[in-house]
Amino acid sequence: MTRFVIRRVLWLILVLLVVSFVTFALMHLVPGGPWSRDKQLAPAVVAALNAKYGLDKPFLVQYGNFLVGILHGDLGISYSYQDRSVTQILMQGFPKSAILGGTAFILAMIVGIAFGMAAALRQNTWIDYVCVMFSTIFASVPGFVLGILLIIVFSVGLHWFPTGGWGSPSQVIMPAVALAALPAAFIARITRASTLETMRQDYVRTARSKGLLERVVLIRHILRNALIPVVTVAGPEFAALVTGSVIVETIFSIPGVGRLFVEAVFARDYGLIMGTVLFYAFIISFANMVVDILYGVIDPRIRYD
Amino acid sequence: MPGYNANIGTQYVFNVTKAKQLLAQAGYSDVSKLPQITFSYSNTGSNPTVAQFLQGQMQQNLGINIVLDPEDSKTFSNNVNTGNFMWAFFGWGADYPDPDDWLPALFGTGAGNNHTGYSNPAFDALSTKALAELDNTKRLADWDQAQQVVMNDAPIIGIFYREGFVLVKPYVKGITTTGMDGALPGDTFYNLVTIASH
Amino acid sequence: MAISENAANVSVRPHHTLWGDAWVRLRRNKLAMAGGIFIILLSLAAIFAPLITPYSFSHQDLTAILQNPSAKHWLGTDGLGRDVFARLLYGARTSLAVGIFTQIIVLGIGLPIGAIAGYAGGTVDNVLMRFVDFMYGFPDILLIILIKAILGGGIYQLFFAIGLVAWVDIARLVRGQMMSVKSRDFVAAARAMGGMGPYITERHLLPNSLGPIIVSVTFNVPRAIFTEAALSFIGIGVRPPTPSWGSMISDGYAVIFSSWYQVFFPALAIALLMIAFTFLGDGLRDALDPKMRH
Amino acid sequence: MAPLLEVRNLKTYFYTQDGVVKAVDDVSYDVNRGETIALVGESGCGKTVSALSILRLVAEPAGKIVAGEIMFNGNDLLKLSNEEMRKMRGAKISIIFQEPLTSLNPVLTIGRQISEGLEFHKNMSVHQGMQEATRLLKMVGIPHPERRIYDYPHQFSGGMRQRAMIAIAIACQPQLIIADEPTTVVDVTIQAQLLELIRNITKELDTALILITHNLGIVARYAKRVFVMYAGNIVEYGSAMDVYHYPCHPYTAGLLGSVPRLDEPRKTRLQPIEGQPPDLISPPIGCSFQARCAYSISTCQKEKPQLSELTPNHYAACWVSQKGLRQWQKL
C-alpha cells in the first residue's frame with residue numbers, strides 16, 4: 001500500500017506542475033491584465049508597475065521564478081492585497097473555509113447516507129418521497145435563497161444564531177447547513193440508488209438466511225457494498241466544500257477563501273490566481289487519492305498492482 | 001464644479017421624429033440596412049439593466065436591433081483601451097473637480113483616455129489655451145467654448161450621473177460629502193466628523 | 001411421443017433485447033411516464049411560446065415595472081417591465097437545451113473514459129485518472145473567458161465550455177463502479193466465455209452501474225442551468241435580452257425581497273424539470289435492472 | 001414418528017404488474033429426521049420458491065405466502081413472529097444457494113461469513129467463531145483452513161466457494177438443510193465431490209436434507225424419496241426406486257426419457273419434452289401438463305387431476321395413469 005501512496009504522491013506533484021503551467025499560460029493569454037481600467041493608467045505608470053511585479057520579464061522566466069518561490073513555500077504576492085503574501089492570505093482564510101466546509105461535509109455525509117439508506121429500504125413510501133423532494137428543492141433553489149431563508153427564520157426571527165461573521169461556534173451552524181444542503185441531497189440520492197442495487201444481491205439473501213439481525217445485515221452486508229459510489233462522490237464534494245463557497249461566504253460574511261479565486265480571476269491578480277488554483281488543485285487531487293485508497297479498504301477486490 | 005454651464009448640451013432631448021430625420025439624412029430611412037450594432041459593457045452592477053433598457057428603447061422607438069455584448073470588467077477595459085468595440089458604455093470619475101482634469105484627457109487628440117478617437121483641432125487649440133491661461137474667468141470662458149465644440153460634435157452621449165445616498169445617524173455630526181468621495185461617503189473630510197453623546 | 005398441437009395457452013415469451021424489454025417496462029412505470037411527458041410538454045410550450053403568450057420576452061413596458069402577478073401579467077413583470085411568464089417560456093428554450101445537451105456531451109465524454117479506465121485498470125487507469133485530476137484542478141473560468149475572447153459568446157461555445165469540464169464527475173463515478181463490478185463474478189464468467197471488452201462493458205458492466213450514474217445526471221441538469229447563468233455573466237451563452245432560467249434567477253437576487261416571484265418561478269421550473277428527470281431516471285434504472293426482468 | 005418438516009397445501013404467489021404468478025400452488029411434502037428427499041423439476045416450476053417459503057425468505061412485497069402450513073417439529077413456522085423465525089434461520093434450518101459466485105459477500109472474509117451465524121445463534125466471540133470456522137472449513141475439505149478464513153470470496157474457486165457455503169449451512173448444526181441446486185454451477189467432477197461431502201455431513205450430523213435439483217442422475221443416488229414438481233404443484237412422488245422404474249406421470253417419464261442411460265444401449269434418439277412450461281399467471285384449466293402431454297384424454301382438459309396412490313407409497317396426479325392406461329410404461 002505504501003508503494004502505491006508514494007507513486008500517487010509523485011503523480012500528484014506532476015499534475016500540480018501541469019496545472020500550474022497551464023494556468024500561467026492561460027492567465028497571460030486572457031484579454032486584460034491586472035492594470036486594465038476603464039480610466040487608463042499612464043503608460044509610464046503601467047511600465048513601473050510591471051517592473052515592480054516582475055511582469056516585464058519573459059514568460060518562462062516569470063514561471064521559473066514562480067516555481068522557485070514554491071520550493072520555499074512562497075506562493076507569490078497578490079496585487080489587490082498589498083499587505084499580505086498569497087500564502088498568508090490563504091493561510092488566514094483557509095482555516096475558516098476548512099472548518100465550515102468540514103462541518104458541512106460531515107453533516108452532508110451523515111444526513112445523506114442515513115436518508116439514502118432509509119429511502120432505499122422503505123422504497124416508494126413517504127421517506128423515499130421526502131428524500132426526492134428535498135434533493136430536488138436543494139438542487140434547484142440557489143444557495144443564495146437558502147442562506148437568506150435561514151437568516152430570516154433563525155437569526156432575525158428566532159434569534160438562535162447570529163446573522164453571520166466568524167469566531168464563535170454558533171456562527172458556523174447556519175452557514176454549514178446552507179453549505180451542506182445540496183451535497184447532502186446528492187449523497188442521499190447516490191446512496192439510495194446504490195443501496196437499491198445492493199439490496200437485490202444474492203449475498204444479502206444469504207445473510208438473512210443465516211438469521212442475522214436486520215441491523216447487522218444492513219451495516220455489514222448492504223451498506224459496505226453500497227459505499228463505492230458514495231465514496232467516489234464524497235471525494236470531490238469534500239474538496240469543493242473545504243475550499244469554500246462564494247455564495248455562502250458572501251451571505252454570512254465569512255472571510256474564507258471561497259471568493260478568492262473568482263475575485264482573483266476577475267481582477268487578473270496573477271499572484272493570487274496561481275496561489276488559489278494550485279491550492280485547490282492540491283486539495284482535489286489529494287481528496288481523489290484518498291478516495292482511491294478507500295476503494296481498496298472497502299472492496300478487497302480492487303487491488304492496485 | 002467650476003466652469004459648470006447648465007445650458008450646455010440642452011439641445012439634446014428625447015425626440016424620436018428628429019432622430020428618424022437624422023437617420024434618413026444619413027441614408028438609413030430603412031433601418032434594416034444599418035450594419036449590425038454591438039453594444040459592449042462591463043457586466044457588473046446595474047450595467048446589464050442599462051444596456052437592456054437602451055436596447056429596448058432603440059428597438060421600440062427606432063426599430064433598430066442592437067446586439068448586447070456583456071464582458072467581464074478586465075476584458076471590457078482592455079477592449080475599450082484598445083478601441084476594440086463599436087459602441088461601449090463606460091464611466092469617468094474626475095481626479096480633481098476642474099475642467100483641466102476632464103476635458104483634455106477625454107477629448108484631446110490622442111489623449112490617454114480619448115477612447116472614441118475624437119479629434120477636433122478647434123477643441124485642441126481652445127484646450128491648450130485654457131490650460132495655459134492664469135486668469136480664472138478667462139480660463140473658464142475658454143473651457144466653456146471648448147465644451148460647446150465637443151457638445152456639437154457629440155463624440156460621446158452622456159446618459160446619467162451616479163448619485164449617492166447617505167443615511168447618517170443624528171448623533172454623527174460634521175459629515176460633508178463631496179463629489180470626490182472614495183468608497184465611503186464623506187471620507188474626503190473625515191477630520192471634521194464628531195460623534196455627539198447619545 | 002408426438003406432442004399434441006393444442007399449445008394454445010402456452011405463453012412462448014418472445015426474446016426481448018435488453019433495451020426492448022426496458023422500453024416495455026418503462027412505459028408501464030406511471031411516474032417515469034409522467035416525467036417524460038412533462039419534459040415533452042415543456043419543450044412544446046417552449047417551442048410554441050408565441051402561441052401561448054401575447055408578450056414578447058424583450059418588450060419593455062416601463063409603466064409596469066416589478067408588478068406582482070396579476071391577471072394581465074400572470075407571473076408579474078421584472079425590473080424592466082418585461083412579462084415574467086413570457087420570459088419563463090422563452091427561457092425554457094435555453095435552459096432545456098443547456099440542461100439536456102450538456103448531459104449528452106458529459107455522458108459522451110465521461111462514460112467512455114470512466115469505463116475504459118475502470119475496466120482496463122493498470123497504467124491506462126492511472127493516466128486517465130491523473131488527466132481527470134488535472135481537469136478537476138483546472139481553472140475553468142480562465143479557459144471560458146479565453147473561449148469567449150477567441151470563439152465569441154454563442155450558445156455552442158456554451159455547450160463546449162460546460163461539456164469540457166463537467167464530464168469529470170461522471171468519469172470517476174463510472175470508473176469506481178466498473179472497478180468493483182468488473183471483478184464481480186458474472187463478469188469473470190462473461191470473460192471466460194470469450195466476451196470481448198466492449199461487449200462486456202456494454203452488456204454487463206454498464207447496466208449494473210446505472211443507478212448512481214443516472215442520479216448524477218439528474219443533479220447535473222440544474223447545475224448546468226446555473227452554470228449557464230454564471231457563464232452568461234462572462235458573456236458566453238445567450239445574450240440579453242434572451243432569457244434563461246438561470247439568468248432570471250441571478251437577476252432576481254437584487255430584488256428578492258420586493259419581488260420574490262422573479263426568483264421563485266424560475267426556481268420552481270428548474271425544480272419541476274429536475275423532478276421529471278429524477279422520475280424518468282429512476283424508471284429507466286428499474287426498467288434496465290436485469291434482476292427485475294422475469 | 002411425526003415427520004421433522006411437513007409442508008401442507010402451501011401457496012406462494014407473486015403479485016406483479018402482469019398479474020398474479022402462482023409460483024407454488026397447493027404443494028405438500030414432508031421430510032423425516034435425518035432423511036434426504038429430492039424436489040425435482042424444470043427451472044421455474046416453483047422448487048426454489050417452496051424452499052424459500054419454508055425459511056420465509058420470499059422477496060417482499062411481490063412475493064407472499066398466501067395459504068398453507070409449514071409444520072416444523074410440531075409448530076407452524078408461518079405463525080412464528082419475525083423474531084422467532086429469525087432465530088430458526090441458520091440455527092434450526094439453513095440453506096445452500098445455487099449461485100456460489102454471487103451468494104457470498106464480496107467484501108467480507110470467508111471466516112467472518114461462517115462465524116457470523118455462530119456469533120449470533122451460539123453467541124460465540126469473533127475469535128471463537130473464527131476458530132470454529134477453521135474447523136468447519138477443514139471439515140468441508142478446504143486445504144490450509146487456518147489461512148483461508150482470512151481470504152475473500154473472489155480468492156476462492158467456484159467449487160471452494162460452494163464448500164464455504166456448505167460450511168456456513170452446517171455451522172450451527174441445523175436439523176434441516178435445504179440445498180437449492182447446490183452443484184449446478186460447478187463442473188461434474190466437483191459436483192460428485194460436493195454431493196458426497198453433503199451426504200457424509202448430513203449422515204454425521206443426522207440432519208434432514210431437501211435436495212432441490214433438475215438433475216435426475218443425482219436424485220437416484222442420494223434421495224430416498226422423490227417429489228416431482230411441474231408448474232407450481234407436485235405431480236408425482238414416491239420412493240426413488242418406484243418413481244425411477246415405474247413412473248406414473250407422463251412428465252416424469254418424459255424427464256427420464258430425456259436423460260441418457262448408461263445401463264442400456266442407446267437405440268432411439270433422446271426424446272426432449274416439446275414446448276414450454278405454462279404461464280403461471282393464467283394456468284390452463286385441467287391438468288397443467290396436457291398441452292405437452294401426448295396421452296392427454298378429454299378429462300385432462302376439463303378437470304385438474306389430484307394426487308392419488310397408484311402403488312403403495314407412490315402417488316401421481318394424472319387421469320391417464322389413474323385409469324390404468326399407462327402406454328408410456330416401456331420400462
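Two residues are in contact here if their C-beta atoms, placed from the backbone, lie within 7 Å. This is a predicted model, where local features need pLDDT of at least 70, side-chain atom pairs count only at pLDDT 80 or more, and totals for chains, interfaces and linings use all residues. Residues are numbered from 1 along each chain as its sequence is written, while chains are lettered from A and ligands numbered from 1 in the order in which they are written.

**View 1. Chains B and D don't touch.** There's no contact between chain B and chain D. Their closest C-alpha atoms sit 52 Å apart.

**View 2. Chains A and C, the pair with the most contacts.** Among the 5 pairs of chains in contact, chains A and C share the most contacts. Here 46 residues of chain A meet 42 residues of chain C. Helix 1 (2–29) of chain A is one of the elements giving two or more residues to the chain A side; helices (H or I, at least four residues) and strands (E, at least two) are DSSP runs, numbered from the N terminus. That helix 1 brings the largest share, 8 residues.

View 3. Chain D splits into domain 1 (5–223) and domain 2 (253–322), with bounds from an automatic or database domain assignment. Taken over C-alpha atoms, the centres of these two domains of chain D are 29 Å apart. The contact pairs 11 residues of domain 1 of chain D with 7 residues of domain 2 of chain D.
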